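My entries follow in the order in which I looked.

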Amino acid sequence: MPVKISQLLFVLQASIAAFGAYFCMYAFRKPFSVATFEGLEVFDIDYKILLIIAQVMGYVLSKFIGIKVISELKSSKRALYLVLLILLSEIALVFFAITPQPYNIIFMFLNGLPLGMIWGIVFSYLEGRKLTEILGVILCASFIVSSGMVKSVGIFTMDSWGVSQFWMPAVTGAMFILPLILFTWSLEKIPPPTKEDKLLRTERIPMSTKDRKKLLGTFLFPIIAIVLFYTILSAFRDFRDNFTRELWDSIGYQGDIYVYTTSETIIAIIVLLVLGGTFYIKNNAKALYVYHVLIILGILSIGISTLLFQLELLGPFLWMVICGFGLYVCYVPFNCLFFDRFIAMFKLRGNAGFLIYIADAFGYLGSITALLYKNFGQASLTWLDFFVYGAYMLTILGVFIMLGSLVYFKKASSRTQQKIIETELQYEKI
């Protein structure tokens with residue numbers, strides 16, 4: 001499937017716009033987590049944990065609301081929603097800075113509430129295209145790279161400008177408002193899916209309540225299995241992301257503000273190369289098989305590298321990079337690619353945003369559960385030890401669940417193979 005010059009130009013235009021928009025969103029969400037808030041507690045609970053829980057609770061509520069809103073989203077409303085939601089999150093950060101603690105915790109909840117919608121809005125510009133793999137992986141690379149970069153910006157504002165750890169999130173976010181508006185305008189300039197896109201990947205349309213119920217009723221078992229795995233995966237990923245500083249500090253990288261960006265950039269490039277290649281798989285069923293295999297390999301890389309690190313056969317930097325690669329090669333497909341192929345394989349009426357938001361809603365619930373368990377059930381464990389135990393749990397449960405999912409899809413594909421062949425014959429005539 002050769003890529004034409006026009007396609008390369010489209011990929012460049014769409015990927016820059018989507019990457020930039022979502023990168024900017026992270027400047028409103030993640031910088032606060034690089035502050036330590038050391039020594040602060042509320043009712044014997046670590047203040048930073050409460051901030052993270054508050055923001056994630058807002059994010060969770062947003063994801064559950066998004067199951068309906070994103071699945072029904074019309075293209076004419078996307079840009080307005082995107083800018084408005086970002087501005088609301090920035091206002092919440094300003095009130096977080098000026099309100100005394102612990103009362104300011106509520107504004108971290110209000111910061112997370114609008115941000116949970118952003119992914120679905122941005123991805124709606126990209127889904128349902130034969131180039132969605134390339135665009136989706138580049139978009140996902142944004143949340144791998146941006147998390148580290150905006151944290152570096154946050155540390156810079158505190159160390160170089162003397163900004164307090166309470167004002168730092170709002171100051172960092174304000175730096176990205178104008179770029180966010182520019183990238184939103186760029187998203188609006190992306191051409192809509194072509195007839196060829198609709199033939200290969202199925203036309204994506206807003207979903208009604210009836211459409212959502214029908215999809216869930218038909219595919220309840222695989223959706224439950226995938227959501228269960230994604231919940232565990234999200235908890236692990238969010239813990240690593242929110243406590244990146246504590247983890248790096250514990251393995252000897254105290255004060256190194258560049259390690260966040262360096263490590264995550266390496267991970268993003270490798271994940272981009274590995275997952276981007278699935279663009280060449282025209283058959284949607286085969287693409288789903290490949291995603292299962294890659295996810296299982298990613299899970300195993302997390303467990304094996306952690307064991308080698310504990311045996312002192314692997315250095316700390318390389319261990320964190322391998323863990324990050326394994327984590328994101330699992331995480332990225334479920335944020336766009338996996339469900340996009342799922343919709344296309346079964347020729348479903350609807351959009352990938354619906355399934356993505358179901359997975360995300362429960363995924364962030366898992367994130368809150370992990371934080372509460374760490375604080376109340378394993379308070380004596382260090383951040384590093386908790387992360388190591390989480391890696392082993394993810395490996396054991398993840399391999400089992402994804403193997404079961406693979407078996408299901410192999411059986412299901414035989415029932416849709418004739419439709420796939422017919423689609424490919426039509427494609428050859430284009």
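Is Arg29 buried or exposed? I found Arg29 buried, with a relative accessible area of 2%, where buried means under 20% relative accessible area, exposed over 50% and partly exposed in between (1.4 Å probe, protein chains only).

I noted the ground rules before going on: this is a predicted model, in which local features need pLDDT of at least 70 and side-chain atom pairs count only at pLDDT 80 or more, while totals for chains, interfaces and linings use all residues. Residues are numbered from 1 along each chain as its sequence is written, and side-chain values use heavy atoms, with hydrogens and water left out.

**Salt bridges.** I looked up the salt bridges (a side-chain nitrogen of Lys or Arg within 4 Å of a carboxyl oxygen of Asp or Glu) and found that the structure holds 18. In one of them Arg29 pairs with Asp238, with 3.9 Å between the closest N and O atoms. This pair links distant parts of the chain, since Arg29 is in helix α1 and Asp238 in helix α11 (residues 220-242), 209 residues apart; helices (H or I, at least four residues) and strands (E, at least two) are DSSP runs, numbered from the N terminus. Asp238 is also buried, at a relative accessible area of 1%.

I then turned to Asp241, whose side chain meets that of Lys30 in a salt bridge of 3.0 Å, N to O. Lys30 lies in the loop between α1 and β1 and Asp241 in helix α11, so the pair ties together parts 211 residues apart in sequence. Asp241 forms a salt bridge with Lys151 as well, the closest N and O atoms being 3.3 Å apart, and this links α11 to helix α6 (residues 132-161), the two residues being 90 residues apart. Both Asp241 and Lys151 are buried.

**Helix α2.** I checked helix α2 (residues 47-69), whose 23 residues reach 32 Å from first C-alpha to last, close to the 33 Å expected (1.5 Å times one less than the number of residues). The helix is mostly covered, with 17 of its 23 residues buried.

**Backbone.** Phe37, a residue other than glycine, has a positive phi near 50° and counts as buried at 0% relative accessibility. Glu312 has a positive phi near 60°, but Glu312 is exposed, with a relative accessible area of 72%.
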